[in-house]
Amino acid sequence: MNRDPLVIDVHGHYTTAPAALGAWRDLQIAALTDPSVQADPKALRISDDEIRESIETNQLAKMRERGSDITIFSPRASFMAHHIGTLETSATWAAICNELCARVAQLFPNEFIGAGMLPQSPGVDPATCVAEIDKCVRDYGFVGINLNPDPSGGHWSSPPLTDRHWYPIYEKMVEYDIPAMIHVSTSCNACFHTTGAHYLNADTTAFMQCIQGDLFKDFPTLKFLIPHGGGAVPYHWGRFRGLAQEMKKPLLQEHVLNNIFFDTCVYHQPGINLLTEVMPVQNILFASEMIGAVRGVDPQTGHYYDDTKRYILATPNLSPEQRFMVFEGNARRVFSRLDAKLKAQGR
């Protein structure tokens, strides 16, 4: 390449939203059991200045400090909490959170671009999410969505991702050529810590579901991004290959790797080294989840755990061309609408 790559972080959440958002959510939850409590979306007031402050002193400051250029920005994953309330509860909450992310992208058009939360609810037909996808893509210019494979919050009451249950969402994804990050939310099961177990369990589970089925025969252009480095996938690649072989599935390269991608939200150098040694480089997209689940400084390195750009730069088995793919090229290929927006900006 004749230039340094843009550093595109494909996994960012609005974890620093103004406090009024959380306070309104508390009201909404309280209203589910107390008729005297009112949670009117029109009563939620968050100014542009409050949004600017929440971003400039947090995500944007760290992006500039660490040398990243663009973040694909979605509502806070643990706040999605699809298991709470009804479809109406989730629909109202998703609309509020998506609008806030759209406002962030409008205020910082060169640094942030949106991805949408869906109004999922346990036992509810995923077709009810289609209207919100339409709004996010058509009205807000979002470039992807987050899809929760377990709206029950840790009880796994939904069918596998390969089931026709999910097809209304996939049909809309293919129509718009947008990928889905497969991302669960808060765990309401005490056996599974939300970020330390439930997230990683879901990443691994989603990948295994895709191996077991034949989803991509029906949707050959469908794209999933499995976050957090794919959970256990790189570490147990031989297990997955062997299981697929026993199931008489094609080689994983052709069975799933044309459609499934992994991010770099892995918070130590040996983990990133393993990810890049095991998985094809064209399937790896840069991400940090900053500011997210792991916010502290690693005493072994003196750097923040989630400063993942450092790991990519220090990975010994990546050529400059491959680093370009991880930082920029793969993201532009997987998120085609992001690529179009960047080209429109002359980037």
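Predicted model: local features only at pLDDT ≥ 70, side-chain atom pairs only at ≥ 80, totals over all residues.

Colleague: What makes Arg 3 and Glu 328 a salt bridge?

Modeller: Their closest N and O atoms are 2.7 Å apart, and the cut-off is within 4 Å, so the pair counts. The two sit in distant parts of the chain: Arg 3 in the segment before strand E1, Glu 328 in helix H14, 325 residues apart.

Colleague: Why is Glu 328 called buried, and Arg 3 partly exposed?

Modeller: Buried means under 20% relative accessible area. Glu 328 has 0%, so buried it is. Arg 3 comes in at 39%, which falls between 20% and 50%, so partly exposed is the label.

Colleague: And what about Arg 332 and Asp 339, how do you know that they form a salt bridge?

Modeller: N to O is 2.6 Å, and that is within 4 Å, so they qualify. Arg 332 at 11% and Asp 339 at 15% both count as buried, because each value is under 20%. These two also belong to a network of salt bridges with Arg 3, Glu 328 and Lys 343.

Colleague: What does the salt bridge between Asp 177 and Lys 223 tie together?

Modeller: The closest N and O atoms there are 3.0 Å apart. Asp 177 lies in the loop between helix H7 and E6, Lys 223 in the loop between helix H9 and E7, so the pair ties together parts 46 residues apart in sequence.

Notes:
Residues numbered from 1 in each chain as written. Heavy atoms only, no water. Salt bridge = Lys/Arg side-chain N within 4 Å of Asp/Glu carboxyl O. Helix = DSSP H or I, 4+ residues; strand = E, 2+ residues; numbered from the N terminus. Buried < 20%, exposed > 50% of the residue type's maximum accessible area, 1.4 Å probe, protein only.
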